[in-house]
Amino acid sequence: MIKNKTIILVCKETFSFPFYFLGKELEKNNEVHYFFITHAETIIKNHFNKKTYFYFKKKIDNKYIHDTSELAIKFIENRKNIKIDFNRLKEIEKKYTYFNNLNCQLLSSQFTSTAHHDNIFFPSTTYEENLYWLTLNYNKAENLLENIKPDYIFDLDIAEIQRTIINEVAYYKKIPYISQDHSRYKSYNLPCFSIGRNMDDYFIDAYNKNRNQGDIDLKKYIVEVEDYRAQPNIMPEIYKDDVTSSYNYSFKELFKRILVKTFIFIKQLYKSKGSEYKIPYNTPLFNNIYKRYFSSISYPIKKFYLYSKFNKLFKAPEDEKYIYLPLHLVPESSTFTKAPMYTNEANLVEAISKSLPISWKLYVKEHQAMVGRRKIEFYKKIKKFHNVVIVKSNFYKDPKPWIERSLGVVTITGTTAFEASMLNKPAIVFGNVFFNVIPGIKVATCFEELENLFKIIETGKWPTKDNTLDCAAYIKT
């Protein structure tokens with residue numbers, strides 16, 4: 001289908017696997033370049049990247065493989081004496097902030113957003129270090145796109161600062177950047193052209209066309225919505241046997257994890273002695289293996305405690321009116337890329353608490369994958385609000401009862417909003433997601449809008465009494 005074109009495939013970790021095969025197919029009629037965007041994947045060979053970056057180096061002509069390892073080495077060499085070129089940053093800011101300003105772009109990476117999350121194994125970066133890293137990567141992206149002059153850039157994910165940068169430069173140069181984002185329905189992924197930062201017009205147009213077709217054309221999909229509402233569990237199959245669908249944690253699991261992580265840590269220490277390139281453990285942009293080990297040990301201990309009878313912070317739900325707020329997995333692109341202004345979930349809890357009608361409660365449920373990862377102080381802080389209840393995350397083994405028994409849900413960009421709409425419940429979101437096209441889902445552009453939205457729910461005047469057709473049109477689209 002594509003011939004005589006120059007193409008860049010953006011590669012990162014396991015997302016590289018499909019691109020090896022796609023690249024081989026495209027190479028038959030095109031010039032294909034592979035850009036490995038994360039520095040940590042390309043400097044020291046390990047059990048992860050030996051099957052990605054280093055495998056590509058063996059199998060593909062190296063002149064078509066590009067990476068950011070030289071940027072990381074330059075950063076390490078110069079980080080003690082960084083001189084910020086503000087004229088260059090002003091130039092970048094002027095040309096490459098179509099989707100987000102530079103400060104929000106820094107949130108795209110776990111390494112340059114350490115002030116906004118609790119992952120202790122990422123050494124904190126200073127603002128100067130972040131700006132220097134940003135400049136280095138913009139220089140790389142500009143030079144790469146200028147030298148290769150691609151007709152297309154293909155990608156499979158939306159996270160990481162390099163993706164954000166390439167997307168901005170590509171937009172400026174009018175080069176199509178095609179990635180994918182999750183629809184949140186079953187395993188359907190959809191093309192996106194702004195790495196999830198904006199709603200794509202092609203999808204809005206297609207949705208409106210399908211929505212206006214009427215009941216007969218949507219009959220098949222209406223049945224799908226009705227079947228969804230009738231099923232006892234709505235947890236997607238893709239999360240089966242995943243940490244997302246894990247609701248208990250035994251002492252045996254705790255002990256096993258500590259043993260495994262200790263073995264891996266000792267193995268890493270042994271292997272690092274023989275590495276030809278030494279990276280200091282206190283270096284920003286690289287994981288500190290000592291802190292990572294400490295984190296990997298403390299995480300299961302906290303998880304065991306939070307699931308135990310000794311945890312008095314989480315409570316069972318009661319028969320009362322409540323708005324449901326499931327917390328996010330952080331840091332992740334679902335918040336840091338798609339809703340960079342709303343990454344502080346404690347602030348969101350406080351805003352909802354202030355905005356609720358006097359007789360309502362806010363039920364906050366921890367994300368299954370975050371149980372044990374978040375600082376205990378976070379729960380203690382939000383528990384102080386008089387109308388906030390942190391509910392036991394394993395009280396129900398599926399999202400459906402939490403949603404059905406609520407008055408509505410609030411989330412930053414979570415799947416719960418789509419699930420609520422499918423169950424005909426009001427939903428409020430703060431970020432950019434494909435399901436925002438459904439009328440029963442309202443996008444709040446600031447915290448001040450919450451009070452009015454809750455009043456609309458309270459008075460029974462939510463825009464859609466029955467959004468079956470709206471959801472059917474989304475599934476068809």
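1. Which residues does Asp-157 touch, not counting residues up to four places away in sequence? They are Phe-15, Arg-163, Ser-179, Gln-180 and Ile-195, where contact means heavy atoms within 4.5 Å. Asp-157 sits in the loop between strand E4 (152-154) and helix H7 (161-172); helices (H or I, at least four residues) and strands (E, at least two) are DSSP runs, numbered from the N terminus. Asp-157 counts as buried because its relative accessibility is 16%; buried means under 20% relative accessible area, exposed over 50%, and partly exposed in between, with a 1.4 Å probe and protein chains only.

2. On the source: this is a predicted model, in which local features need pLDDT of at least 70 and side-chain atom pairs count only at pLDDT 80 or more, while totals for chains, interfaces and linings use all residues. Residues are numbered from 1 along each chain as its sequence is written, and side-chain values use heavy atoms, with hydrogens and water left out.

3. Helix H1 (residues 16-26) has Ser-16, Phe-19, Tyr-20, Gly-23 and Leu-26 as its buried residues. They lie on the same side of H1, because they cover an arc of only 135° around the axis, the arc being that of the directions from the helix axis to the C-beta atoms. Strand E1 (6-11), strand E2 (31-36), helix H2 (53-59) and E4 are what these buried residues pack against.

4. Lys-140 belongs to helix H6 (residues 127-148). With 16% relative accessibility, Lys-140 counts as buried. Its side chain makes a polar contact of 2.8 Å with that of Glu-70; such a contact is a pair of N or O atoms within 3.5 Å, and within protein one must be able to donate a hydrogen and the other to accept it, while residues adjacent in sequence count only if both atoms are side-chain atoms. Neighbours within four places in sequence aside, Lys-140 is in contact with Phe-35, Asp-67, Glu-70 and Leu-71.

5. Lys-149, in the loop between H6 and E4, has phi near 50°, a positive value in a residue other than glycine. Lys-149 counts as exposed because its relative accessibility is 52%. Lys-174, in the loop between H7 and strand E5 (177-182), has a positive phi of about 60° although it is not a glycine. At 74% relative accessibility, Lys-174 counts as exposed.

6. The peptide bond from Val-330 to Pro-331 is cis, and its omega is near -5°. Pro-331 lies in the loop between strand E7 (322-326) and helix H12 (333-336).
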